[in-house]
Amino acid sequence: MADKHHHHDDAHAPIEEPQGPPGEDELLEVALRELLVERGVLSAGAVDQQIDVIESRNPALGAQVVARAWTDPAFHQALLSNPLDTLEKAFQLPMSGPVPVDLKVLENTPAVHNVVVCTLCSCYPRMLLGPPPAWYRASAYRSRVVREPRAVLREFGLELPDSVEVRVSDSTADMRYLVLPRRPEGTDGWSLEALSGLVTRDCMIGTAVPRDPSIEAHGLTTCEDAGDEP
């Protein structure tokens, strides 16, 4: 266990799920929240309400957004140009909390792969994906992915060709990022539900890409093959 704590300060430490007591960022979040309530900037009720909203969100919602962007050109364009308004209208869900936060959607292309991090703490598109994973908050990920993104992605099992540029975007208190991954080939005619099933949380952070349907669809049939959607 002692080694795990030591690894978080090691420049080459593997990305691990943090264990043990709350980290510095978590303690800072609690202290700041309590201070804002004490000073009357936010009410405890508003904080609780926002926590309920965040906990009601999860990567499945983000996967639905990605699947719709893959299949609806108008939604795709609107999502890139005006993400929060587009999401609120399309999914009838509030995307803004007591403190305004903007959202930018980063689209992967054959030439560019995007990765998201928050080097200072754990800023994350919680309004869409819910709470971040523990490794996203770990200092090993936050410090290393900006210096050696390909090495970090390799540890997540993602090996990108040298021809693909890796762009790392650093989230802030005012700006959150969501990666729009590339649609896998061989998925024409798939339903939104089936497409959503290919998109994981890590795909929308950029540490993974959607699963290869030629592997994952073992036992599934396509609309074209069976006259029905997978």
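**A buried histidine and a helix pair**

In this predicted model, His-113 sits in strand β2, which spans residues 112-117. With a relative accessible area of 4%, His-113 is buried, because the cut-off for that class is under 20%. A polar contact of 3.5 Å links the side chain of His-113 to the side chain of Asn-108.

Elsewhere in the chain, a helix pair is worth a look. Helix α4 (residues 59-71) packs against helix α6 (residues 83-91) at an angle of about 100°, and the two axes lie 12 Å apart. The helices are therefore roughly perpendicular, a label that covers angles of 65 to 115 degrees. On the α4 side, the contact is formed by Leu-61, Gln-64, Val-65 and Arg-68, which meet Leu-87, Ala-90 and Phe-91 of α6. By residue type, this contact comprises five nonpolar residues, one polar and one charged.

For the protein as a whole, 14 helices and four strands are assigned. Of its 230 residues, 40% are buried, and His-113 is one of these buried residues. Among contacts with a separation of 6 or more, 67% join residues 24 or more positions apart. The accessible surface amounts to about 12,600 Å², with carbon and sulfur atoms contributing 52% of that area.

Technical notes:
Residues are numbered from 1 along each chain as its sequence is written. This is a predicted model: local features need pLDDT of at least 70, side-chain atom pairs count only at pLDDT 80 or more; totals for chains, interfaces and linings use all residues. Side-chain values use heavy atoms; hydrogens and water are left out. Axes are lines fitted to C-alpha atoms, for helices over the stretch in contact, and angles run from 0 to 180 degrees between N-to-C directions. Helices (H or I, at least four residues) and strands (E, at least two) are DSSP runs, numbered from the N terminus. Angles under 35 degrees count as roughly parallel, over 145 as roughly antiparallel, 65 to 115 as roughly perpendicular and the rest as oblique. Contact means heavy atoms within 4.5 Å. Ala, Val, Leu, Ile, Met, Phe, Trp, Tyr, Cys and Pro count as nonpolar, Asp, Glu, Lys and Arg as charged, and the others, Gly among them, as polar. Buried means under 20% relative accessible area, exposed over 50%, partly exposed in between (1.4 Å probe, protein chains only). A polar contact is a pair of N or O atoms within 3.5 Å; within protein, one must be able to donate a hydrogen and the other to accept it, and residues adjacent in sequence count only if both atoms are side-chain atoms. Accessible areas come from the Shrake-Rupley method with a 1.4 Å probe; for residues, only the protein chains shown count as cover.
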